[in-house]
Amino acid sequence: KKFLNERGVKDRIQQFDARSLTPGIRSSVNKIIQQKSDCFKPENAMRASKAAAPLAAWAKANVDYAAVLERIGPLTTQLNQLEASQKKGESDLSALKSQLEKIDKNVEKLRKDFAKNCKEAERLQEGLEKAEHQLTTAQDLLEKLTGEKVRWSQDAVVIKEKNKQMPRRALLCAAFLTYLTKYPEDLRAQWLKQWSEKLGFESTPLVTDFMRNESQLLQYKSEG
């Protein structure tokens with residue numbers, strides 16, 4: 001109650017950014033939530049104060065959201081690396097195209113010189129073969145870089161799409177943990193479907209896949 005009566009507390013809550021939670025702070029807050037789980041139940045918090053229940057839910061959701069942000073950190077780093085690699089590939093591709101244009105000009109000049117100077121045919125032929133070899137090498141490299149560019153672009157699209165959905169999936173998971181854990185499976189599925197449609201998902205995302213990796217899910221399944 002003292003905290004809620006502080007000046008500017010409403011603005012501080014509205015402007016709070018879960019990214020500011022360090023792993024240490026998040027772990028400490030999560031420990032408090034687990035130790036005093038009864039205090040964070042809506043019915044118990046409501047008895048203390050009408051504002052306490054939504055504030056407790058807000059705190060739990062921010063802790064869960066901060067954990068999600070921590071897990072997607074490697075994906076964000078990978079995306080940045082892919083984008084940097086793509087830019088470098090495009091730069092190398094541009095340089096190769098410029099080199100190819102120069103080689104084409106050299107080849108054309110050699111052909112004209114060959115027509116004008118039959119006596120230097122052998123020397124010009126050697127130069128031409130060298131230029132054509134360079135052209136073939138450059139074309140092979142260009143084809144490889146083109147394939148890499150396609151792969152990088154596809155990876156970038158997949159990661160961007162995952163990051164684009166991440167806030168909505170995090171919100172859905174936070175809502176699931178906050179409100180649906182006490183309900184049976186059929187009610188959970190019903191509410192998840194409604195929330196997913198409102199958040200713009202084509203189908204209901206799997207909350208368990210998002211919050212746990214495959215090995216953890218298999219362990220939970222084996223343990224019943």
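**Notes on the predicted model**

1. Leu-55 has its place in helix α4, which spans residues 52–71. The model is a predicted one. With a relative accessibility of 23%, Leu-55 counts as partly exposed, because the partly exposed class begins where the buried class, under 20%, ends. Leu-55 and Ile-13 are 42 residues apart in sequence, yet the distance between them in space is 9.1 Å, C-alpha to C-alpha.

2. The overall make-up of the chain may be set out next. The protein chain contains nine helices and zero strands. Its pattern, read along the sequence, is α-α-α-α-α-α-α-α-α. Of the 224 residues in the protein chain, 25% are buried.

3. How do the axes of helix α5 and helix α6 cross? Helix α5 covers residues 73–116 and helix α6 covers residues 121–180; their axes come within 8 Å and cross at roughly 160°. That angle makes α5 roughly antiparallel to α6, because angles over 145 degrees are placed in that class. The crossing in which α5 passes α6 is left-handed. The residues of the contact of α5 with α6 divide into 22 nonpolar, eleven polar and ten charged.

4. Leu-82 is found in helix α5 and is buried, with a relative accessible area of 11%. The C-alpha atoms of Leu-82 and Trp-152 are separated by 6.3 Å, although the two residues are 70 residues apart along the chain.

5. Is Val-158 buried or partly exposed? Val-158, which is found in helix α6, has a relative accessibility of 45% and counts as partly exposed, because the exposed class requires over 50%. Val-158 and Leu-79 are 79 residues apart in sequence and 9.6 Å apart in space, C-alpha to C-alpha.

6. The aromatic residues form a separate topic. A search of the whole structure finds one aromatic pair. Trp-191 and Trp-195 form this pair, with 5.9 Å from centre to centre and 45° between the planes, and the pair is tilted. The term applies because planes under 30 degrees apart would count as stacked and planes over 60 as edge-to-face. Both Trp-191 and Trp-195 lie in helix α7, residues 185–198, and they are four residues apart, about one turn of the helix. Trp-191 has a relative accessible area of 38% and is partly exposed.

7. Which residue lies over the face of Phe-201? Arg-168 does so, at 4.7 Å from the ring centre.

Note on methods: Residues are numbered from 1 along each chain as its sequence is written. This is a predicted model: local features need pLDDT of at least 70, side-chain atom pairs count only at pLDDT 80 or more; totals for chains, interfaces and linings use all residues. Side-chain values use heavy atoms; hydrogens and water are left out. Axes are lines fitted to C-alpha atoms, for helices over the stretch in contact, and angles run from 0 to 180 degrees between N-to-C directions. Helices (H or I, at least four residues) and strands (E, at least two) are DSSP runs, numbered from the N terminus. Angles under 35 degrees count as roughly parallel, over 145 as roughly antiparallel, 65 to 115 as roughly perpendicular and the rest as oblique. A crossing is left-handed if the near helix is turned anticlockwise from the far one by less than a right angle, and right-handed if clockwise. Ala, Val, Leu, Ile, Met, Phe, Trp, Tyr, Cys and Pro count as nonpolar, Asp, Glu, Lys and Arg as charged, and the others, Gly among them, as polar. Rings of Phe, Tyr and Trp (its six-membered ring) pair if their centres lie within 6.5 Å; planes under 30 degrees apart count as stacked, over 60 as edge-to-face and the rest as tilted. Buried means under 20% relative accessible area, exposed over 50%, partly exposed in between (1.4 Å probe, protein chains only). A charge sits over a ring if NZ of Lys or CZ of Arg is within 6 Å of the ring centre and within 35 degrees of the ring normal.
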